[in-house]
Structure formats: structure tokens, C-alpha cells
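The following exercises concern the interface between two protein chains. Each task is followed by a worked solution.

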Amino acid sequence: MSFQLDIVTPEKTIFSDTVDDVYLPGSEGEMGILSMHAALVAPLKPGELRYLKDGKIEELAVGEGFVEVADNKVSVLIDLAIGEDAIDEAKVEEAMKRAQEALAGENVDHDEMAALQVVIAKSEAMLRLKRKRM
Amino acid sequence: MANLRDIRRRIKSVKSTSQITKAMELVAAAKMKKAQDQALAGRDYADKLNKVLVNLKGNTDDESHPLLGQSEGGKELMLVISTQRGLCGGLNTNLLKKVRKEASPEAEYVTVGKKLRQSIAKSGGNIVTDWEVADPVPFNDAKPIAKFLTDKFLSGEYDKITVAFNNFVSTLTQTPHVSQLLPIRADELAEKQDYEGVGKGEIGETDDAAALNMDYEFEPSAEGVLDKLLPLYINFQIYQMLVEARASEHSARMVAMKAATDNANKMVKELTLEYNKARQAAITAELLEITTAMKAME
């Protein structure tokens with residue numbers, strides 16, 4: 001049984017099609033959603049999103065956001081969703097290194113630390129996805 | 001005649017000015033289209049976010065969250081979104097007037113864009129910080145601004161955060177607008193914003209009743225989700241206002257440059273007429289001289 005999956009960022013709709021199942025990086029742990037799931041709202045953390053379409057698994061690296069499930073429709077609202085081909089490994093690595101250096105340095109207050117950790121988590125998610133395919 | 005050469009020179013300079021303004025007009029038109037498309041592309045996100053927020057509102061104790069509330073008065077921090085460059089008609093002047101009218105006397109400012117940063121600094125306003133936003137507006141540029149403002153509010157340094165920007169009504173009309181960002185008024189949360197000018201009428205109102213009837217499970221809890229969602233809501237608000245201001249800037253520039261091009265072309269026409277008249281006069285005078293000389297020799 002398939003259901004509608006929409007992946008939406010504030011800038012554009014990344015994906016809108018029917019899929020067979022979807023796995024999301026929920027803030028409380030990874031969760032899988034199948035057809036006819038109960039209505040649900042849950043925050044997401046940076047990580048990998050996988051969905052199965054026509055027997056093929058597709059993967060995207062995603063940032064922060066949340067998922068809404070209603071009426072057998074899944075909407076993922078996210079600030080970043082990027083496919084494996086669009087990831088520029090060198091760039092991501094550089095951003096991650098910068099964030100790590102900033103984190104290791106002094107004068108990092110609690111909020112900055114949280115923001116930097118998000119950057120690192122997103123970078124890691126993208127790199128993991130990219131390297132898996134190679 | 002020196003006069004002829006002067007006119008010719010002026011025609012040339014006015015013509016090249018009109019070429020530049022024409023090019024700027026076309027560039028602004030293309031960028032305006034992009035900004036409008038961008039605002040439209042965010043509609044899906046806004047729609048879904050609103051729906052979930054309306055539902056959450058019904059499921060949680062409204063006033064409990066520190067970002068929600070009804071603060072009146074107190075110390076104000078105003079985010080002023082102006083343009084980085086000029087040549088866009090009265091856009092920034094009008095916004096400055098609005099800011100002067102709406103801001104409380106002891107308000108402090110955060111600015112986006114060079115133009116009003118300079119004006120506010122000159123008139124003695126205290127500018128806390130300044131941000132630069134790329135074109136077209138990336139969502140990632142809105143996030144640090146939203147975070148900065150939220151932190152300032154939560155730390156209790158300011159009691160109220162407002163945003164001043166130009167609201168895009170149509171290509172010909174942009175109106176300066178001031179809206180309150182924080183605290184989020186619980187009753188206004190997820191309501192259709194009156195400043196949503198770009199792409200207005202493209203989506204219907206969020207159906208409150210239908211949204212409330214959805215029986216969501218919240219993971220981990222309604223409060224936990226609200227805690228995560230409100231910052232996203234603020235991010236998105238800032239993003240939308242930035243896009244709105246950008247669309248206004250480009251359309252104002254387009255109109256201003258169109259007027260400039262038209263004026264330059266009119267001027268070229270007038271100067272050409274003057275040039276032809278002067279040339280005619282010169283020829284007549286020359287002929288007159290020759291005939292007079294001939295008559296004198298007879």
C-alpha cells in the first residue's frame with residue numbers, strides 16, 4: 001500500500017509523490033511510517049530520510065524540522081533536504097571542520113554550542129549519505 | 001558653432017544614461033519575478049505549519065510558553081529591513097518615516113541593509129547589530145537573525161521585538177509595515193498575516209475547524225512539539241518578511257528605473273529638436289553670408 005509523501009522546505013517543495021514507506025530521523029529516535037499511520041506530529045533532527053518507492057530505496061540528508069501525518073498523507077517540513085548527487089563533499093567537510101574548530105575554541109556559550117552541534121550533525125548526515133554510495 | 005557640439009555631447013551622455021537605467025530596469029524585473037516565485041514556493045510550508053500550529057494551540061496551555069504572551073510597552077527592539085543599494089524610489093524614505101512613527105522613543109535597532117542603517121545611525125538610534133542577506137534570500141540567512149532576536153527576547157533584555165519592512169502589495173505599490181514578532185500573540189498565531197502580499201490569493205485560509213479536529217498524536221508531547229515548532233515559526237516569519245522586502249525593493253527599483261528611462265528618452269527627443277534647430281540656423285546664417293557677399297561684389 002502506498003501513500004502520499006511531501007517533502008517541503010521554505011524555499012521549495014523537494015519531493016511530492018506516492019511512496020510505500022518512509023523512515024525518518026525523529027528527535028526521539030528513528031521512526032518508520034507505513035501506510036494508514038495514525039495522525040502524528042513529531043520534531044525531526046538532522047539525519048537521513050529513506051523512502052521506498054517502486055521497490056527502490058531513495059535517501060536524502062535532512063536538517064531540522066518536523067513531520068506531520070494526517071489522512072494517510074505524510075508531510076515533512078524541513079529546513080534542508082538534499083539528495084546524494086547534490087552534496088558537495090569538500091564543501092561540507094570544510095563547513096564541518098570550521099564548526100568543530102569553533103566548538104573546540106574558547107568563548108563558546110551554551111547557545112552557540114547547540115547551533116554548532118546542529119551544523120556538525122547536518123554535515124555528518126550529508127557525508128554519511130554521500131560516502132555510503134561510493 | 002560651439003553650441004552645436006555641446007548639444008551633441010549632451011545627447012550622447014543622456015543616451016548612455018538611459019541605456020544604463022534600461023538595463024537596471026530589466027534586471028530588477030527579473031529579480032522581482034524570482035522573489036515573487038520564492039514567496040510562492042514557501043506557501044506549502046506556511047500552510048502546513050499553520051495547520052499544525054492551530055491544532056497545537058488547541059492542545060496546549062497557550063500562555064505557558066515563554067515565547068507566547070501579550071506584552072504591552074516595555075523595552076523594544078526593532079528589526080529594520082531596508083535595501084543594500086539605492087535607486088529604488090522612495091522605498092527607504094517611506095520606511096524610515098514609518099519607523100520614526102511606530103518605534104518607541106527608547107527603542108533599539110537591528111538592521112538588514114545599508115540604507116536605513118546609515119539613516120538610523122545618523123539620527124542617533126542605537127544599532128545593536130547588522131546583518132547582510134544575500135539575493136535571492138536563502139532560508140539559512142533568516143535563521144541566525146531569528147535566533148539572535150529570540151535570544152535577546154528570552155534573556156529579558158527586551159520586552160518586545162518588532163519588525164519594520166516594506167510590504168509588497170503590487171508591482172506599483174509597496175507599503176511600509178511594522179509587525180510584532182515577539183512575544184507571539186497566541187490569538188494571532190497561525191492566523192493569516194495581513195502583510196502576505198506576494199502571491200496573495202494563491203492559497204485559501206487555514207481551515208481552523210478542520211485543523212482542530214485532526215486528532216494528532218504528539219511525540220514526545222504537545223508541549224515538547226510546541227517548544228520545537230515555535231522557533232521554526234519565527235524562522236519562517238523572518239524569512240517571509242525578508243522575501244517580502246526583497247520583492248518590494250526590486251519592484252520599486254524597476255518602476256523608478258522605468259521612469260528614469262522614460263525621462264531620459266524624452267530629454268533626448270527635446271535635445272535632438274534643439275540640435276536640429278541650431279543646425280538649421282547655422283546653415284541659414286552661412287547661406288545668408290554667402291549671398292550677402294555675392295551681392296556686395298556685384
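**Exercise 1.** State how many residue pairs are in polar contact across the interface of chain A and chain B, and which elements of chain A take part in the interface.

*Solution.* Step 1. Four residue pairs, both members at pLDDT 80 or more, are in polar contact between chain A and chain B; a polar contact is a pair of N or O atoms within 3.5 Å, where one must be able to donate a hydrogen and the other to accept it, and residues adjacent in sequence count only if both atoms are side-chain atoms.

Step 2. Two or more residues on the side of chain A that touches chain B come from each of S1 (3-8), S5 (40-44), S8 (65-70), S9 (73-78) and helix H2 (110-132). Helices (H or I, at least four residues) and strands (E, at least two) are DSSP runs, numbered from the N terminus.

Step 3. S8(A) gives the largest share, five residues.

The model is predicted: local features need pLDDT of at least 70, side-chain atom pairs count only at pLDDT 80 or more, and totals for chains, interfaces and linings use all residues. Residues are numbered from 1 along each chain as written, chains are lettered from A in the order written, and side-chain values use heavy atoms, without hydrogens and water.

**Exercise 2.** Identify the salt bridge between the chains.

*Solution.* The count is one: B:Lys143 meets A:Asp79 at 2.5 Å, N to O. The criterion is a side-chain nitrogen of Lys or Arg within 4 Å of a carboxyl oxygen of Asp or Glu.

**Exercise 3.** Which strand of chain B pairs with S5(A)?

*Solution.* S6(B), residues 217-218, pairs with S5(A) in the parallel sense over two bridges; pairing requires at least two DSSP bridges. Within S6(B), B:Phe218 stands opposite A:Val41.
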